[in-house]
Amino acid sequence: MKASYQWLKDYCAFDLPAHELSARLSHSGLNVDTFEPRGEDWMLDVEVKSNRPDCLCHLGIAREAAAITGAPWRRPDFELIEAGPPAFEDRASVRVDAPDLCPHYTARVIAGVRVGPSPAWLQQRLEVCGIRPINNVVDATNYVMLECGQPLHAFDLARLDGAAVIVRRAAAGETITLIDGSRVELTGQECVIADRTRPVALAGVMGGLESEISDATVDVLLESARFDPRNNRRTARRHGLSSDSSYRYQRGIDPEITAWASRRACALIMELAGGQLLSGSAQLRFDTAETPEVTLRAARTRLLLGIELPTETAARILSGLGIDVLARDGRQVTVRIPSWRSDLSREIDLIEEVARIHGYDRIAETTSMPVRPSAPDPSRTAERRARLLLAGQGFTEAMTYTLIAPDPVQRAQPWSDAEPIAVRNPVTNERSHLRQTTMANLLGVKAFNAAHGTPAVDLFELGRVHLGQPDQELPREMTALAVLTDRDDGLRVLKGVLANLCDELGLQEDIEEEAGGRGPFDAEECVQFRLNGSLLGVAGVVSRAIADRLDLNTRPALMEIDLRLLTDNAHLARAYRPIPTYPATRRDLAVVVADNVRWADVRRCVEAARPDVLEAVDYLSTYRGEAIPAGHKSLALALTLRCADRTITAAEAEQARDVVLHALSDRLGARLR
Amino acid sequence: MADTPQTILDEARRALAEASTPAAVEALRVRYLGRKGILADLMARLPALPPAERPAAGRSANELKNALTALIEQRRAHVGESPRREAPPPDPTLPAVRPPRGHVHPISRTIDEIVDAFRTLGFEAVDGPEVELDYYNFEALNIPADHPARDDWDTFYVNDRVLLRPHTSPGQIRVMESRRPPLRIIVPGRCFRRDTEDARHFAMFHQVEGLMVDEGVHFGDLKAVLHMFLRQFFGKDVKVRFEPDFFPFTEPSAQVNCSCVMCGGRGCRTCSYSGWLELLGAGMVDPNVFEAVGYDPERYTGFAFGMGVDRLAMIKYEIPDGRLFFQGDVRFLSQF
């Protein structure tokens with residue numbers, strides 16, 4: 001709320017320049033964002049939090065100033081003279097049909113006003129507070145709202161059909177044109193002020209165009225009322241409306257200020273616009289004025305703040321805030337909460353009041369605290385190791401947006417058949433759904449860098465993807481690790497990355513690999529991985545179509561794995577395994593096989609042939625060309641052979657090699673090159 | 001019968017043992033490894049072998065070559081003086097060939113630093129969901145439906161009950177629902193708000209929520225923990241100032257400011273010439289929150305705090321525009 005420094009001085013005789021007042025208010029919880037000169041005056045931009053609606057007016061801010069400076073606080077004096085007859089009830093009638101939405105309604109009538117511009121002093125004060133002067137009647141209502149926080153509305157009495165005010169629920173389908181010119185169709189949930197035939201104001205949100213004060217207005221009906229905060233908020237949100245009145249009603253206004261504000265505004269209108277106040281008024285109230293008694297215990301204060309604060313100090317602070325101290329002894333203080341402090345109802349609320357006025361800087365910092373060991377979370381440790389391992393291997397971590405547009409690249413993912421989850425109120429269509437993969441975004445990063453002069457990058461992202469689950473309110477949040485490389489033989493590099501990761505995490509199970517897998521891949525050049533039967537991930541070379549779509553000159557290799565599945569199977573503790581006592585020997589082979597025989601087939605065949613002495617089978621190279629028949633290729637491989645209990649002999653090695661060769665020949669039609 | 005690799009090796013070993021000058025060692029090198037040496041001869045005979053024997057023979061020839069080279073190098077070192085080389089002189093000033101090196105994202109790095117700092121204070125890091133129930137995000141945190149306090153979190157909704165968390169505070173509730181005090185936890189994670197993006201506002205950002213609950217935890221403890229953390233995070237002593245603030249789930253609540261780490265409090269661009277950085281929101285857990293999770297507020301007290309990771313990273317690494325974090329430009333990422 002924008003406040004005027006000079007105006008505040010009307011109600012509290014503090015002796016502080018504007019900058020010092022701003023600093024003192026900020027330190028005690030009423031944060032002054034900025035203060036700027038406005039002629040002779042200063043504008044203070046006060047950040048009023050939603051718990052302190054009492055500070056949405058000058059009297060409220062002045063009350064805080066009084067509490068922190070000790071200077072006295074006062075309400076303005078005014079004199080209100082009723083004329084009469086005719087009396088109010090001769091000229092207007094008021095009925096409240098929806099007391100649940102309007103617990104308090106008051107109205108008065110001023111007859112014979114002369115509508116015109118306000119005097120300069122009033123216009124200036126409104127302008128400091130960011131409110132545009134309109135005419136003397138409307139300005140008076142705004143002035144009193146800024147003074148005491150009570151929103152007011154002035155109707156042109158002649159425009160109210162039957163001179164009637166009826167506070168009721170809207171009828172579904174009713175329409176009203178508001179003072180901002182917008183036409184609103186009502187749902188039936190809203191609270192409206194109506195005359196005999198139609199709504200004339202959206203209660204506490206905005207007045208209607210047809211009944212607003214104009215130069216032709218002669219008689220004014222002044223409303224000062226209280227409306228239900230929740231209903232007011234829903235109405236404002238439903239119709240996309242905001243106003244100073246609605247802002248205050250939503251946060252709650254002082255129930256005891258409504259009647260005072262009505263009299264105060266009438267006095268000001270007559271001062272500015274002349275006219276006569278009819279005798280009598282409408283005063284309809286449907287709730288009671290009880291405010292709670294609350295007790296503050298010194299022991300509880302000490303427990304929460306860690307400092308000793310005598311009840312005498314607490315009582316002095318609270319009464320400085322305008323809170324009545326009913327009783328006090330050495331152990332506790334009992335107070336009655338004033339009507340304007342709806343945020344105070346519990347002991348803890350009083351402890352906060354005492355703490356903030358006493359000063360947080362006077363609460364001593366604890367000098368020693370008991371030590372408590374904390375256990376590291378294994379999956380967090382595993383994720384951190386994965387990051388460091390990847391970075392150490394040349395991959396750079398990117399972080400990309402969780403919200404995406406569900407285009408075909410985003411949809412190319414192996415994890416879910418469910419539709420991506422849509423956000424109901426996105427800011428842009430580009431970020432409207434929750435991602436189901438990080439691969440598409442990583443390709444976007446690749447494209448960004450290619451377009452910005454860094455064509456070759458190795459990237460990874462470790463982040464959550466969101467997979468809708470039937471019968472569950474919340475999606476499954478999977479921690480995905482995507483890795484992208486431009487290196488030669490990229491798919492094999494990514495498999496190597498996965499193998500290193502498994503080593504790093506101490507995975508004891510084998511990862512099964514099969515050809516094919518869903519992702520932004522070339523159908524011929526992709527694989528999927530399984531761990532204990534569950535899908536662990538996919539890897540492949542990006543398809544030409546997708547590379548073209550993203551304007552990539554190269555086709556990078558890309559992998560995504562369910563990192564949590566890996567880390568759940570991790571063995572982060574290391575354990576020694578004996579180093580072999582006897583040497584291994586190596587035998588290399590080159591075999592010619594048909595083109596459609598895959599390395600995985602060869603490896604499985606070799607592994608099955610002599611598991612007793614075969615320690616490892618390694619791929620060396622593929623050769624096509626001279627001396628190799630068409631439709632065939634030559635695969636070179638190396639066998640590492642070892643006996644656990646003795647040095648393997650040359651004859652044994654040769655024999656094992658022959659067995660392997662036979663198996664390859666029998667099962668895969670291989671022949672020695 | 002031709003010499004076997006083993007007999008060749010044995011013979012070489014004996015000859016080398018007698019070679020006592022560099023010239024003698026060099027002569028032996030030529031005899032065994034030279035262009036027309038014994039090894040070359042052995043290699044030349046390989047193609048004549050039956051195909052089945054070739055790989056094995058080749059393999060053992062290679063092993064022999066390695067063994068001979070090693071023996072000769074060893075002897076050469078023993079008799080001193082390196083042989084004349086015919087190769088052109090090397091240039092040891094050629095530039096480095098750098099093995100590939102990647103980088104951890106500055107946000108990850110910052111979260112790790114925060115997690116480590118709090119671990120030394122006994123806080124355990126836990127996760128919470130990014131897509132959250134309205135109940136955990138608002139209701140249980142003392143922010144009822146239709147309350148204007150909800151305006152402080154401009155929230156993305158999936159439906160009436162499900163939203164993208166605009167803060168990590170629901171993590172507190174989930175932990176308290178499943179555990180009993182004493183508790184010292186932090187919840188790092190990604191959050192979302194319907195902000196129009198600029199250099200300092202993001203629709204996606206990261207927070208770390210903290211919570212300590214026990215018998216007798218008070219405001220002085222909160223001040224101590226956050227002061228210790230900030231000192232550790234910035235690696236130097238900083239002044240910390242607590243000012244009253246409002247959060248529905250803590251009372252009393254505080255905004256925590258830290259003397260500007262760039263200028264030491266004299267005033268600079270980073271701190272908007274105020275000398276102070278607004279870094280955290282904090283406060284004592286509101287009794288209504290304890291009641292929502294079934295803790296007795298008369299028995300237990302605690303504090304909670306929340307901080308923006310992106311903002312801390314921007315300050316620590318002097319990053320002027322937070323949008324750089326999520327663009328993926330490697331010219332940026334490779335600086336960390």
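**Exercise 1. State how many residues of chain A are in contact with how many of chain B, and divide the chain A side by class.**

Solution. In this predicted model, 77 residues of chain A are in contact with 67 residues of chain B; contact requires C-beta atoms, placed from the backbone, within 7 Å. The side of chain A that touches chain B comprises 31 nonpolar, 20 polar and 26 charged residues. Here Ala, Val, Leu, Ile, Met, Phe, Trp, Tyr, Cys and Pro count as nonpolar, Asp, Glu, Lys and Arg as charged, and the others, Gly among them, as polar.

Residues are numbered from 1 along each chain as its sequence is written, and chains are lettered from A and ligands numbered from 1 in the order in which they are written. Local features need pLDDT of at least 70 and side-chain atom pairs count only at pLDDT 80 or more, while totals for chains, interfaces and linings use all residues.

**Exercise 2. Describe the packing of α5(A) and α6(A).**

Solution. Step 1: the axes of α5 (120–128) and α6 (136–148) of chain A come within 11 Å and cross at roughly 55 degrees. Axes are lines fitted to C-alpha atoms, for helices over the stretch in contact, with angles from 0 to 180 degrees between N-to-C directions. Helices (H or I, at least four residues) and strands (E, at least two) are DSSP runs, numbered from the N terminus.

Step 2: α5(A) is therefore oblique to α6(A) (under 35 degrees is roughly parallel, over 145 roughly antiparallel, 65 to 115 roughly perpendicular, the rest oblique).

Step 3: A:Leu122, A:Arg125 and A:Leu126 of α5(A) meet A:Asp139, A:Asn142 and A:Tyr143 of α6(A). By class, this contact has 3 nonpolar, 1 polar and 2 charged residues.

**Exercise 3. Give the strand order of the 7-stranded open sheet of chain A, its edges and a helix that packs on it.**

Solution. Step 1: the order is β20-β23-β24-β28-β27-β26-β25, with mixed pairing; two strands pair if DSSP finds at least two bridges between them.

Step 2: β20 (396–397) and β25 (512–515) of chain A are the edge strands, each pairing on one side only.

Step 3: helix α13 (378–392) of chain A packs on the sheet and touches β20, β23 (459–467) and β24 (476–485) of chain A. The direction of α13 makes about 145 degrees with that of β23(A).

**Exercise 4. Trace the hairpins that involve β12(A).**

Solution. Step 1: β11 (191–194) and β12 (199–202) of chain A pair antiparallel over 3 bridges, and 4 residues lie between them in the hairpin.

Step 2: β12(A) and β13(A) form a hairpin with 3 residues between them, where A:Gly204 in the turn has a positive phi of about 70 degrees.

Conventions
Contact = placed C-beta atoms within 7 Å.
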